[in-house]
Amino acid sequence: MISVKGLRKSYGALEALRGIDLEVRRGEIFAFLGPNGAGKTTAISVLEGYLERDGGTVEVLGEDPATAGREWRGRVGFVLQECRMESLLTVRETLTMYAGYYRDPRPVEATIDLVGLAEKADERAGRLSGGQQRRLDVAVALVGDAELLFLDEPTTGFDPSARRAAWAVIEGLRDLGKTVMLTTHYMDEAQALADRVAVITAGEIIAAGTPDDLGGRRHADSLISFDLPAAAAVSAVRGAVTGEWTQSNGRLALRSADPTRSLHELTAWALDHDVRLGGLEVTRPSLEDVYLDLIGEERGRAT
Amino acid sequence: MSGAALILHQFRYEQKVFWRSPAAVFFTVMFPVIFLLIFASLFGDQEIEELGIETATYYVPGIITLAVVSATLVNVAMRLVEMRESGRLKRMRGTPLPTWAYIGGRIGNAFVVSLLMVVIVTLLGNVLYGVPVPTTTIPALLLTLVVGTFAFCSLGIALSIAIPSEQAAPPITNFTVLPLYFLSGVFVPETEIPDGVLTFASVFPIRPFFQAFLTAYDPLTAGAGFDWGHLAVVAAWGVAGTLVAVRCFRWAPRHG
């Protein structure tokens with residue numbers, strides 16, 4: 001669906017994209033992660049055909065977006081980072097207007113239902129809440145029934161329940177067989193939605209993979225943690241179970257490459273000594289931990 | 001959809017938005033009507049001796065000029081800036097809608113509103129102040145309206161390019177047209193304006209546009225009333241506006 005090689009773009013002296021490579025396959029949800037100013041929106045704008053590149057090759061739906069015509073635009077849908085819909089038209093009128101631009105649009109009523117605006121169908125866009133306006137924006141992107149959708153920060157500024165609702169809509173796109181490329185700085189969003197993610201900072205992709213694999217996350221050490229027991233028990237347990245122990249915020253934690261064995265040793269010791277391990281947890285680094293490590297390393301290298 | 005159907009589709013939504021927008025309706029429809037009532041009621045039955053017509057007869061084409069420029073240049077410039085800065089123009093660019101269909105719908109809206117204002121102002125002038133309704137000059141009147149709609153819409157598009165933000169749109173458009181209304185004899189009878197000023201104003205499109213309307217409304221006009229010289233000046237401005245619009249048009253918000 002999308003194939004990018006060596007994409008470069010500069011604004012004057014600022015190199016916004018320093019040669020990035022990307023492959024997005026049909027039917028997948030691909031998330032582009034990165035801090036503000038990393039180049040996410042610049043890259044998306046080139047793929048959408050809004051921005052001319054300085055170098056590299058870009059193919060979207062088999063065409064170069066810089067020269068693609070009307071036919072191609074009918075196959076691609078967008079949610080831009082900033083867009084206010086016409087405040088004087090109702091939800092239904094807005095979607096009917098946009099549907100009229102496409103040869104084979106999705107039915108307007110079904111699209112309104114899909115984004116959960118059925119009760120607001122006759123409300124003017126100017127009277128919708130921020131989250132509802134964003135959903136209308138998503139609905140406009142869907143009404144053309146495009147194969148490929150670019151969603152630039154689709155849930156920024158949403159309250160938690162609106163975000164869950166938007167996720168359900170994007171999940172629904174997967175079921176419809178659409179390909180979705182989204183940008184986000186919410187790691188839980190990428191974790192919940194994306195089949196694959198790429199992390200970009202300072203115009204370069206520094207890691208790519210599935211959310212579970214990113215940055216070697218699948219093979220990363222687990223952390224076994226529990227509430228701090230009595231002082232005597234602390235030294236006893238640290239003596240009984242060997243490994244890398246840390247202590248903070250009233251919790252004792254053991255880093256382990258083999259959590260099955262470590263947990264077995266730990267719980268055996270606890271039962272033998274009749275010690276309760278309050279709030280016992282086994283966790284792997286979250287996508288957010290990995291992401292922060294990745295961009296932290298990158299920033300460390302830059303300075 | 002065919003090209004004509006696409007333009008008609010866009011036109012319908014432009015109409016909806018226009019009539020729901022209090023600012024557009026006030027400045028384009030109410031404002032000229034109020035001006036007509038004020039000017040014609042104050043000075044209507046006096047005669048402008050040099051021209052040999054009543055003041056009310058002079059003001060009807062003047063107010064029509066005001067209404068048409070408002071429906072075209074002012075309205076197009078303001079709305080395009082709002083569309084661009086809100087990101088909607090960029091978004092529209094991402095759909096298969098051809099640019100000409102979009103612009104066509106917008107110009108269609110401007111033309112229909114302008115035509116409506118010609119009818120309203122002409123009828124009010126006739127009923128309230130006895131201003132004669134043009135008969136033999138109707139083709140000339142319509143041609144003037146068509147040429148003016150084209151010229152002032154393209155100038156509106158060109159002007160929108162120079163406007164940096166939504167907040168700047170009303171002051172810049174008003175500053176562009178208001179002085180020209182005064183200098184061109186739209187608000188003040190041209191017999192009260194020094195020749196040098198009129199010559200200066202004739203370089204810009206509002207003065208010749210008004211003169212073409214005045215010729216069509218002047219009961220002393222003999223023949224069909226086509227004012228080719230002035231129409232040519234208006235059309236030339238339209239061509240210049242179109243060239244600027246095509247070469248420099250911007251889809252994305254300025255800050256983006």
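**Reading strands, helices and a chain contact**

Modeller: Let's start with one pair: Leu148(A) stands opposite Thr179(A) in S7(A). Keep in mind that this is a predicted model, where local features need pLDDT of at least 70, side-chain atom pairs count only at pLDDT 80 or more, and totals for chains, interfaces and linings use all residues. Residues are numbered from 1 along each chain as its sequence is written, while chains are lettered from A and ligands numbered from 1 in the order in which they are written.

Biologist: How many helices and strands does chain A have?

Modeller: Helices (H or I, at least four residues) and strands (E, at least two) are DSSP runs, numbered from the N terminus. Chain A has ten helices and 13 strands.

Biologist: Back to S6(A), then. Which strands does S6(A) pair with?

Modeller: Two strands pair if DSSP finds at least two bridges between them. S5 (residues 76-79) of chain A runs parallel to S6(A), with four bridges, and Phe78(A) has Phe150(A) as its bridge partner. S7 (residues 179-184) of chain A is also parallel to S6(A), joined by five bridges.

Biologist: What is the strand order in the open sheet of four strands in chain A?

Modeller: The order is S11-S12-S10-S13, with antiparallel pairing. S11 (244-248) and S13 (281-283) of chain A stand at the edges with a single partner strand each, so one side of each has no neighbour in the sheet. Five bridges link S11(A) to S12 (residues 251-256) of chain A, and Trp245(A) has Leu254(A) as its bridge partner in S12(A).

Biologist: Now helices. Which residues of H10(B) are buried?

Modeller: An α-helix has 3.6 residues a turn, so residues three or four places apart point the same way. In H10(B), the buried ones are His230(B), Leu231(B), Val233(B), Val234(B), Trp237(B), Gly238(B), Gly241(B) and Ala245(B). They fall within an arc of 160 degrees seen down the axis (the arc of the directions from the helix axis to the C-beta atoms), so they line one face of the helix. The face turned away from that buried side carries exposed residues, including Trp228(B), Val239(B) and Arg247(B).

Biologist: What do the buried residues of H10(B) pack against?

Modeller: They pack against H6 (138-162) and H9 (206-217) of chain B.

Biologist: And how many residues does each chain give to the contact?

Modeller: Two residues are in contact if their C-beta atoms, placed from the backbone, lie within 7 Å. Chain A gives 20 residues and chain B gives 18. On the chain A side, H2 (70-73) and H3 (91-99) each supply at least two residues, and H3(A) gives the most, with three. That side divides into ten nonpolar, three polar and seven charged residues. Here Ala, Val, Leu, Ile, Met, Phe, Trp, Tyr, Cys and Pro count as nonpolar, Asp, Glu, Lys and Arg as charged, and the others, Gly among them, as polar.

Terms used. A residue is buried if 20 or more other C-beta atoms lie within 10 Å of its own, exposed if 12 or fewer, and partly exposed in between; C-beta atoms are placed from the backbone.
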